[in-house]
Amino acid sequence: MKVVIAEKPDQAMKLASPFPHRKQQGYLEVHPNRLFPKGAFFTWAVGHICELVPPEAYNPAWKKWSIQTLPLIPESFRHQVMGSKAKQFGIIKQLLRRSEVKGIIHAGDAGREGELIIRTIVEQSGVHKPMKRLWISSLTEKAVTAGFESLLDETETRNLYYEAYSRSCADWLVGMNASRVYTILLKQKGISDVFSAGRVQTPTLALVVKREKEIASFKPEPFWEVKATFEVDKKRYDGVWHNEGESRINDPALAERIAAFCKDKPAQVHEVETERKEFLPPYLFNLSSLQATANKLFKYSPQKTLEIAQKLYVKGMLSYPRSDSAFVTAEEAKTFPEILSKLSKQPDYQASFPTPKTSIAQDRRYVNQKKVTDHYAIIPTEQVPNISRLPDDERKIYDLVARRLIAAHYESALFDYTTLTTLVDGRAVFISKGKVQIRAGWREVLFDEDKEDKESILPPLAKGDTGKVRKVEAKESKTQPPKRYTEGQLITLMKTAGKHLDNQELEKVLMKTEGLGTEATRAGIINMLKERKYIEVRKNQVFATQKGTLLIDVIGDKILASPEMTARWEQRLGQIGQGEASAQAFMEQVRKLSHKIVEDAVEQSREWKLESYDVSSMPKQASKFTLGSKVATCKACGGDLVYKGDFYGCANYKKSQCSVTVSKTIMGKKISAAMIKKVMETGKSNLIKGFQKGKDKFDAYLIWDEQEKKAKVHRE
């Protein structure tokens, strides 16, 4: 008899669904069948059941945050079962220890994290029984059955476990030491908050802060352009004055003189250059490109896109979403005709069929065994749903993936790009640019995804055609600052380790596994930066907060904030996963780095100048080190008024139903612990400046209303 351990309950249900079974508490009992002649127990983790133990578990002296104890470097790492998940761990352990159980099937997600989660549970249980590995990229009944028929030996994926284990230990070492040293040193400078730092989150934050500073330091400069409308053989078109390839004029008087010179003058078509460009269909999706596209079209955060894709995967409709590959193997390509046949019957896609190409099995743009890593590209499975019945979010993500597959079976798109040179009065040079779509090709399928800046359509003209200037004017403009990143662009930037690439280069890089973090972790890193109040996302634009800027400023150009170094680490971790590098050697490097991070921070802190930062307005991070800390004595019941993250609340809420709470932000003003303490002790705060109600800005006091048992804003 075998125990099959999946990563989540819904996945265990899917894995057991092809077999007769009955549900038990915390597991499914599969009855004897062809693949499990003696039956099996299908159970599940609840994500990460085990976690690395806290510092004080290694050494009680490490509980206190102190420079003297840094760096914290355990001799070896240990795990513990998370308290909230102990019950499910107990069920798994009990099943593994049953005498009739002779083997284990590791059925975690087919990737690094799945390896770590399930193997750590088995290790913590203390059970040593033969283990096989289920490795599948979709949860359809067909894929599940085929997977159980061709189980891998656990040794084939063990290196991925070493990679994931090394990553988690490295993150513990860097995060624990960097967070403590910067928090302690900043506190010594009068800034009391938790400053979390990490191997991936800090260089990612550095990219956002760098852009924020570029915007802040940008000084717009005016320039002028001379724009004209021509009429040649009753055909009208526009052009911009150029001099040696430059259209911008710094002197407004010169721009006006050029415009005056050109007014009502004769014009002649001096040159017509046409270049035909071919655009191949886009690659199939990996997770990064799917997240970037969904953010651009629907403003979905990367985390939301991943969650939706995961739901579709669990339903058996999409292949494994945490894929870093944009290719499929020849085996998957064989399933495309069946999938396309089913898609063609959906009203949403009928107009795209029949496709110009019936097969792409020989097309190395999509089918390339060597470029498939742990998983192939994200594609629809043969379990095609009724699209119209899917929830709106799921329908949008499924539609993106389905259309990419259909578009791969279309021809390239062709455009003619025309550059027209017009001479005014034989001297002034005007340039006009336009394009004509010769063949839509795949753009017929991806009409939403492929929205581009519209270039004007030029009329058909020939060299030597003559006419005149109908309208001409000098127009003032200003240079524009760089734009803030969207979350989708930030995902792409993490993928490229901060390199800005044009679309052609980007297409190539997005197929490689390099950069900051992995496909599976990047969305979580961005979420972490939000939760830790380092970035804010407003109208899909990513802003660095003052707190995030402060952290990057004090770290400076040290290795902790280097995207390139972190990308090289990811490469080394990938090599561990491939069995090409030593986990022990990597961890020794990380231990040395931990020493250097602490030394650098202590040395840098002597030069910090933090007077320009408005500490009181910084959003504080709610952490286990600050949450629940007492800020005052509750004026209503005498209990402790404690910090709850977004508000201050009475600790006697459950005990005596005391409902006293004070928001951390009132009318746009941050309310500090000192203000609350003053109100609770005296009934009235000092004058607080900067409240805002609508457009009205005012100063006021916080006072205690004894009748209503609450703090109120009071203007005198």
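1. The side chains of Arg522 and Glu519 form a salt bridge, with an N to O distance of 2.9 Å. Both partners are placed in the interior by the accessibility criterion: Arg522 is buried, and Glu519 is buried as well. This is a predicted model, and the remarks below should be read as a description of that model. Across the whole structure, a search returns 44 salt bridges.

2. A second pair concerns Glu163 and Arg112, whose side chains meet in a salt bridge at 2.6 Å, N to O. Glu163 belongs to helix H6 and Arg112 to helix H4 (residues 112-125), so this pair ties together parts that are 51 residues apart in sequence. Glu163 has a relative accessibility of 2% and therefore counts as buried, the cut-off being under 20%.

3. Lys596 and Asp600 make a salt bridge of 3.4 Å, N to O. The two residues are four apart in helix H19, which means that about one helical turn separates them. In general, an α-helix has 3.6 residues a turn, so residues three or four places apart point the same way. Elsewhere, salt bridges with shared partners link Arg112, Glu163, Arg167, Asp171, Arg199, Asp324 and Glu570 into one network. Two members of this network, Glu163 and Arg112, are the pair described in point 2.

4. By residue class, the contact between H6 and H19 comprises 17 nonpolar, five polar and one charged residues.

5. The buried residues are Pro302, Gln303, Thr305, Leu306, Ile308, Ala309, Gln310, Leu312, Tyr313 and Val314.

6. Which elements cover the buried residues of H10? The cover includes helix H1 (9-16), helix H9 (287-298), helix H13 (392-407), helix H14 (487-495) and helix H16 (522-531). After H10 comes Gly316, which has a positive phi near 85 degrees.

7. One joins Leu70 and Pro71, with omega about -5 degrees; Pro71 is situated in the loop between helix H2 (55-58) and strand S6 (79-81). Another runs from Phe353 to Pro354, with omega near -5 degrees. Pro354 is in the loop between helix H12 (336-344) and H13. Helix H13 is also among the elements that cover the buried residues of H10.

8. Positive phi values at residues other than glycine also deserve attention. Lys533 has phi near 65 degrees and is found in the loop between H16 and strand S16 (535-538). With a relative accessibility of 28%, Lys533 counts as partly exposed. Lys709 has phi near 55 degrees, again a positive value in a residue other than glycine, and is found in the loop between strand S25 (696-705) and strand S26 (710-714). Lys709 is partly exposed, at a relative accessible area of 37%.

9. Finally, the overall architecture. The protein chain contains 21 helices and 26 strands. Its C-alpha atoms fill a box of roughly 95 × 80 × 55 Å along the principal axes. The chain has 716 residues, of which 52% count as buried. Among contacts between residues at least 6 apart in sequence, 73% join residues at least 24 apart.

Notes: Residues are numbered from 1 along each chain as its sequence is written. This is a predicted model: local features need pLDDT of at least 70, side-chain atom pairs count only at pLDDT 80 or more; totals for chains, interfaces and linings use all residues. Side-chain values use heavy atoms; hydrogens and water are left out. Ala, Val, Leu, Ile, Met, Phe, Trp, Tyr, Cys and Pro count as nonpolar, Asp, Glu, Lys and Arg as charged, and the others, Gly among them, as polar. Buried means under 20% relative accessible area, exposed over 50%, partly exposed in between (1.4 Å probe, protein chains only). Contact means heavy atoms within 4.5 Å. A salt bridge is a side-chain nitrogen of Lys or Arg within 4 Å of a carboxyl oxygen of Asp or Glu.
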